[in-house]
Amino acid sequence: MKFAILTFCSSLLGVLTLGEQFSNPVLWEDLADNDVFRVDDVYYYTASTMHYSPGAPILQSYDLVNWEYIGHAVPNLPWGNKYNLQGGNAYVKGIFASTMRYRASNKQFYWIGCIEYSRTYVYTSTSVTNTWTPRSEINTCYYDCGLLIDDDDTMYVAYGNTQISVAQLSVDGLSQVKTQVVYNTPSSIGTLEGSRMYKIKGVYYIFSTKPANGQYVLQSSSGPFGPYTIKELLLNIGSPIPSGGVPHQGSLVETQNGTWYYMAFVDSYPGGRMPVLAPITWGSDGFPVITLVSGAWGSSYNYPLAPRVLESHTGTDLFQGTSLGPQWEWNHNPDTTKFTVNNGLILSAATVTSDLYSARNTLTHRIIGPTSSGTIILDYSKMKDGDRAGFVLLRDTSAWIGLVNNGGTFRVSMWSGLTMSSTWATASTGAEVKGVTISGGKVWLRIYADIHVGTGKQGTFYYSTDGSAFTALGSLTLNSAWNFFLGYRYGIFNFATKTLGGSVAVISFTMDSPGSTTTESTITQS
């Protein structure tokens, strides 16, 4: 990351000791459908991103609790013009429940994922932080898949919904040798999906979820193709996040010390799906057992390993260097000719539209919960007539605060009522709630987001012309329905309503938690 750290986390390195407890969620950020695995003493985590680009973020950790963003497995979304917001959109499509592993025999990382229920794509890289390369397409959809590299180096993928299959891949891992149904879920259980595959002490396991309240384990001592027996791991247990859903899906991972942990996620809308961690033991029957606290997933446990604090997820990004940090993702693929990073970020208007959902080059950042604020400093002096640029709380119900150029008169404006239909088409482009004329060429825009679980949570929109006194222009009641899957994000945008050619300079982005609510003396109501 390129954050200038504003916390004292690094000073804790010499203080934290083994036996100290961590709190769930380990990250209060929207990182669903995790696949977590270890290479030597480093843990890697990838997650769903759907229509955001680049896709399949990669995080690393040394203790399973403290994580930092280091890259993406899918550099862009090359599956048609809709992923470029041209001739349509790809909202709630793209990357979900994919899988990633390291293969020691050829020193390659593999990412595998099915796109739009059609076919499966394989990407590889010699390093998680290097550029990943698309290597092959497989004409079978490995839906909600999990990759296993067996002791003899054979690669298998478990996948499917209710009918669980296992595919064997070719020697190079780029094509399918065969696939076979290994388990048909009985009606007494219902749907199973989200599979991960493991081999532990000679026994094969498929780790599958009953969305969104249960987790089951398939076990075979006869080989990867079964037969499998099944056992419930959890069903309707209590959540470590107040008012959150049941922990489910996710990954099993063994530490270098031989202990096991389960990284699940909890439906926690409006923020999204948050990762939670719990210890695992093994029963005499060879099935895993979660370490519960009073019958529920614990809100805290002892650290799995000696804690190692990494770069903070809060702080200020000055967009130094010539590339964005790995914590950033675009809403759909960007027009790369319409932005530059060169010790600062320039966003040129890339689309002529009145619809923010259709505008290219909205740059997004996950929100830290349960509360946080994001603040951008914007130089708007080069906007053209009709341009709109600013800061948005982005989801299927959205609102923004930004600058509108009306014939050379600049208005800081808060817009709300941006909504999508159930098919993710734009239902409304919204309308102004409140605005005021300003001048000077530079403005501070701030959003304070309360993403505690439940209905009625608010995002509040502020502006300042001096970076000290902030004025609230309005608020948005956040949509807490799950159907969009991804939670709210901060987004920075610039689009034209008349002609292209205008631009804005994003001087900095700052995120802090629990959030800069500031004091009454510095907040006024317009």
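Strand E12 (146–149) and strand E13 (residues 155–159) run antiparallel and are held together by four bridges. Here strands, like helices, are DSSP runs numbered from the N terminus (E, at least two residues, for strands; H or I, at least four, for helices), and two strands count as paired if DSSP finds at least two bridges between them. One of the contacts in this pair puts Gly-146 with Ala-158 as its bridge partner in E13. All this comes from a predicted model, in which local features need pLDDT of at least 70 and side-chain atom pairs count only at pLDDT 80 or more, while totals for chains, interfaces and linings use all residues. Residues are numbered from 1 along each chain as its sequence is written, and side-chain values use heavy atoms, with hydrogens and water left out.

Zooming out, E12 belongs to an open sheet of four strands, ordered E12-E13-E14-E15, with antiparallel pairing. E12 and strand E15 (176–184) sit at the edges with a single partner strand each, so one side of each has no neighbour in the sheet. From one strand to the next, the twist averages 20° (axes are lines fitted to C-alpha atoms, and angles run from 0 to 180 degrees between N-to-C directions).

E12 turns up again around the second largest pocket, where it gives two or more residues to the lining, as do strands E3 (35–39), E8 (99–103), E16 (193–200) and E20 (248–254). A pocket is an open set of points on a 1 Å grid over the protein atoms alone, where a 1.4 Å probe fits, with protein on both sides within 12 Å along at least five of seven lines; lining residues have an atom within 4 Å of a point. This one holds about 640 Å³ of space. Its lining has 24 residues, and Arg-38, Arg-101, Leu-148, Ile-149 and Lys-199 are the closest to its centre. By class, 14 lining residues are nonpolar, one is polar and nine are charged.

Elsewhere, E26 (residues 328–331) has antiparallel partners too. Two bridges join it to strand E5 (residues 52–53), with Tyr-52 opposite Asn-331.

Technical notes. Grid points are joined across faces, edges and corners, and a volume is the space filled by probe spheres set on the points. Ala, Val, Leu, Ile, Met, Phe, Trp, Tyr, Cys and Pro count as nonpolar, Asp, Glu, Lys and Arg as charged, and the others, Gly among them, as polar.
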